[in-house]
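This report looks at how parts of a protein model meet one another.

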Amino acid sequence: MSDYNFAYLDEQTKRMIRRAILKGLAIPGYQVPFASREMPMPYGWGTGGVQVSAAIMTPQDVFKVIDQGADDTTNAVSIRRFFERTAGVSTTETTTEATVIQTRHRIPEQALTEDQILVYQVPIPEPLRFLEPSEVETRKMHALEDYGLMHVKLYEDISAHGAIATAYAYPVKVEDRYVMDPSPIPKFDNPKLSMPAIQLFGAGREQRIYALPPYTQVVSLDFEDYPFEATKANHSCGLCGSTDSYLDELIVDDAGGRMFMCSDTDFCSARRAKGHTGTSGAPFQEEAV
Amino acid sequence: MEASSLAGGFADPSQESARAFRGIMRAMSCPGSICDITGATPPAPLSVAAGSVLVTLCDHDTGVHLAGRTDTQVVRDWITFQTGAPLVEAEMAQFVLGCWEDLNLTVLATGSPEYPDRSATVIVEMPALEATGHTLVGPGIKDTAQLNLPDLAALQNNAALFPLGLDFMFTCSGQIAALPRTTKVS
Amino acid sequence: MYVAVKGGEKAIDAAHSWLAEERRGPLDVAELSIEQIKGQLKLAVNRVIAEGSLYDPDLAALAIKQARGDMIEAIFLIRAYRTTLPRFGGSEPLNTEDMACDRRVSATFKDAPGGQVLGPTFDYTHRLLDFKLAAEGEATHTPQSEGDANTKPHIMSFLDREGLIQPEPGGAECPPDLTREPLELPTNRPLRLQSLTRADEGFILGMAYSTQRGYARNHAFVAELRIGSCPVEMDIPELGFSIEIGEVELTECETVNQFQGSKTEPPQFTRGYGLVFGMSERKAISMALVDRALRWEELGEDNVGAPAQNEEFVLYHADNIQATGFLEHIKLPHYVDFQSELELIRKLRREATSCHRQQEAAE
C-alpha cells in the first residue's frame, strides 16, 4: 500500500477534517459538516471513524479498534488491518496501552485517561432525525435550541410504556446547549461520556463530525420523576465474574440456555489474568485460544 | 518572491503535520494547556508555532488574513507558497493572524445560528505564554486552568456569544495554547 | 465450561481466498479479459463510468471483472479509487452541439436539421432470445457510420428562437463540487444535476416514472436525445489558451415540459435536462424528468408533496454507494444494542404484567 499517503488520506483531505475536528471541539455537541470522502470500505461500516482516525493519527500512535466492545469482531479486525497497512502504526488489544481507540457501539470499561483519544463510528449523527426526517428542519431546531420534539417523544414513551423506551443511542445534552447522539452505545455507557479523554465522533455517509473535549458536561435527557437509569443485564460475567460490566447474552444450547459474558473482551481477559473466574469460565491461560 | 519563501515548510508533510495537529488539538481541547508545536520555520516576525499552525491547517480552501505587523510581503509570499491559501480581508478570513494590538475582532466572522462553525480562528502572537494570570473554566478543563491572556473583557464578550464566537490560538516561539469560545475567563 | 471463539482474522483471510476462487470460476473456461468486457459489455462499463463518476473504460471494465459483475460493487471500487486522484483543474464547459452523434432522435418534430439518427438502439428489436449468440455465432457485419461529424443544432434552439421555451440563464462561473464539499440544503441546480448524473439508475428511473404516473406530473416530451462523442477542452494557464485533452462519450436528453404563463407573461414551455457519461439513455431521460420535477420552486409551481419534488429526499437517497453501505451494515454485529433492547423490553413486560395482575386483583 506504499502508493498511498500516510494513513491513506491525502493531505488536503486531512486538513479539511482537522479543521472540522477543531471547530467540533470548540462547539461541543454541535455537528460540523465536512466533505466526507469515499473510502475503500462501505458507508455504514465506519468510514466516518476511519477518516477521523486517519486525520489525527501519528506514526507513534498505538491503535486499538473495538466493535461491540470486542477486538476480534470481523469489522474491527478489518479496520485495524487497514491502519496497520496504510499508516504502519502499532496496534494493541489492551485498552491501557492504546493512544487512539476507534469504537463502534461501546465505551471501554477501563476508564480512559487524558492521554487517550476515543473515536466513535456514527451511523446517524442527528439525534432528532427519527422525529423529524428533514435536515433543514433539524438544523433549525438546533439553531433555536428548540428540543421540544425530543421531550414530547420521551414523555410519550412514559405514557405508553411507563418508562423512556430508548435503550441505546440515548440522547444527551452537552454543556446545557446541544442535544447530541452519543452513537449507538447502550445507555449503560452514557455516564462515562464525561471523561478525561478527547472524544471524537465521525459520521462519514452523513458528512458530520462532532466532539467532546475532556471533562465536558454531558447529561442524559430525562425527567425529574423518571430519572435516567444506566441499565445492564442483571447477571455477572460467566467468564470473569464481573458484576459491573456490560454483558452480552449468548444462547449456549438447543434448549435456549443462556450465558452472560463481558462485552469488553480486553476488560474480561484482564480480569481473568488476575485470577477472577465466573461460573462458566475456565481458569485463565495465556494464549488459551 | 524571495528564495526564503521556498523554505521553512514541513520537510515530511504527512508526518510532521500529523504531529503538529496533535499539538493543536490538545491545546484546543484542553484550554489553557501549553503544548509544543514545531516543524515549520517561517520568516520573521512569525513564530515557529504560528507558522506550523498555518501549514498544518491552511490551504486553497481557507482564506487567511494578516493583521498589522505580520502583514509583510515576505510573510505573504511564504504563506502563498507553503499553503496556497488566499490572503483575504479580515471579514472573509477563516484564519486571522496577528499580535493582539493589531487585531480588530469586531469585524471577524462568528458563525451563524445554523452554522456556528463558520467562524474565524484567530492566531494571536504572544510575547510569552505562561500558566499564570487569568482563570479559565469550561469544557476541556478539569477544575480550573491558568493562562496569561492579552485582554479579559474582549474574551469575556466573545464567550458570551456562544454558541457563536471566535476561537483563539495563542502562539509564542514553539508553543501554543488555545481558548475556544466555550471557555469562561476571569 | 465456555471458551470464547476467536478467529476473525483467519475467517477474513479464508473468505477472501474463497471469493477469489469464485470470481475466477471454472478453470477450464478462459478468463475474461478487460478488452472483452470493454468491447462486449459496453453498457455495463458505461454505467460504472457514469455512477462511478470517473471516465475510464479500462478501469471500469477491471472493476466489473473484480466485482464479479455486481454493478454497485464495481461502481464502489471506482469511487474509492477516484477519491484518491489529485485534481488538476476544471475543463471548459462542454459544447454538446459539437457532438459527433451516433444517435439523435427527437420526439417533438418529425424531422429537423441534422435528421433523426437511430444508431445502435435496442428500441425496435423484438425481445426474443438469440440462440445463435449462445452457439458462439459471429456477429454480422453491418454498415456502420463512424458518428456523424456534422454539427447538429439542438432542437431546443428552434423553440428558443421563437421564445417558446423558458430561457436558461448562465450559471456560476465555477459550479460547486459535490465530492469536495458537504451537501448543504437548500441546494441549487448545478449541485442537483451533479447528484442526479451519478445517482443510481434504478432510483432515478423509479422517481421519473412516479412523475409520469401523477406524482408531480410535468408532461415531458423528449425534444432531443443525442448520444455521441464530445471534445473536452481545458484552459492551461501556463499556455494562456485552452487545448483539447480528449473526448468523452455522452448521452444528453432535453425535455420540453408543461408550459407556464400568467396574465402579464405569455405562456412558455419549461425544460428538464439530463446528461450522463456513456450510452445511458434510460438514465438521461429519467434524469431530465427528475430535474424538471425538482425545479417546482424556481418555476413558481405548487409543491404537491410528491417524492420527486423533494430535493432533500431525492438527493439524500439517490446515491447507491451510500445506500448500499448503510443498508448492508445492518448485517454487522449489533448484539450490544440488541442486548440493551432485550433488557428494556423484558423490564417493560415485567412491569406491564405486574400492573395487569394488580388491576385484576383490585377488580
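A salt bridge is a side-chain nitrogen of Lys or Arg within 4 Å of a carboxyl oxygen of Asp or Glu. By that rule, the count between chain C and chain A is six salt bridges. The model examined here is a predicted one.

**Chain C against chain A**

One of the salt bridges joins the side chains of D13(C) and R81(A), with an N to O distance of 3.0 Å. That distance meets the cut-off of 4 Å, so the pair counts as a salt bridge. Across the interface of chain C and chain A there are also 19 residue pairs in polar contact, both residues being at pLDDT 80 or more. In total, 46 residues of chain C are in contact with 69 residues of chain A. The area buried between these chains is about 4800 Å², and carbon and sulfur atoms give 58% of that area.

**Domains of chain A**

The domain assignment of chain A gives domain 1, residues 11-220, and domain 2, residues 232-280. The contact between them takes 15 residues from domain 1 of chain A and nine residues from domain 2 of chain A. The centres of the two domains, taken over C-alpha atoms, are 26 Å apart.

About 870 Å² is buried between domain 1 and domain 2 of chain A, and carbon and sulfur atoms give 50% of it. Which three residues supply more than any others of the area that domain 1 of chain A buries against domain 2 of chain A? They are R106(A), E109(A) and F188(A), which supply 48% of that area. By class, the side of domain 1 of chain A that touches domain 2 of chain A has four nonpolar, five polar and six charged residues. Between the two domains there are zero salt bridges, but there are seven residue pairs in polar contact, with both residues at pLDDT 80 or more.

**Domains of chain C**

Chain C is divided into domain 1 (12-82), domain 2 (96-120 + 147-170 + 177-325) and domain 3 (333-362). The centres of domain 2 of chain C and domain 3 of chain C, taken over C-alpha atoms, are separated by 54 Å.

**Cysteines**

A disulfide is a covalent bond between the sulfur atoms of two cysteines. A search of the whole structure finds zero disulfides over all chains.

| Cysteine | Nearest cysteine sulfur | Distance | Relative accessible area |
|---|---|---|---|
| C35(B) | C30(B) | 7.1 Å | 9% |
| C99(B) | C172(B) | 11 Å | 18% |

Are C35(B) and C99(B) buried or exposed? C35(B) is buried, because its relative accessible area of 9% is under 20%. C99(B) is also buried, because its value of 18% is under 20%.

Key: Residues are numbered from 1 along each chain as its sequence is written. Chains are lettered from A and ligands numbered from 1 in the order in which they are written. This is a predicted model: local features need pLDDT of at least 70, side-chain atom pairs count only at pLDDT 80 or more; totals for chains, interfaces and linings use all residues. Side-chain values use heavy atoms; hydrogens and water are left out. Domain bounds come from an automatic or database domain assignment. Contact means heavy atoms within 4.5 Å. Buried area is the accessible area (1.4 Å probe) that two parts lose on being put together, summed over both. A polar contact is a pair of N or O atoms within 3.5 Å; within protein, one must be able to donate a hydrogen and the other to accept it, and residues adjacent in sequence count only if both atoms are side-chain atoms. Ala, Val, Leu, Ile, Met, Phe, Trp, Tyr, Cys and Pro count as nonpolar, Asp, Glu, Lys and Arg as charged, and the others, Gly among them, as polar. A disulfide is a pair of cysteine sulfur atoms within 2.5 Å. Buried means under 20% relative accessible area, exposed over 50%, partly exposed in between (1.4 Å probe, protein chains only).
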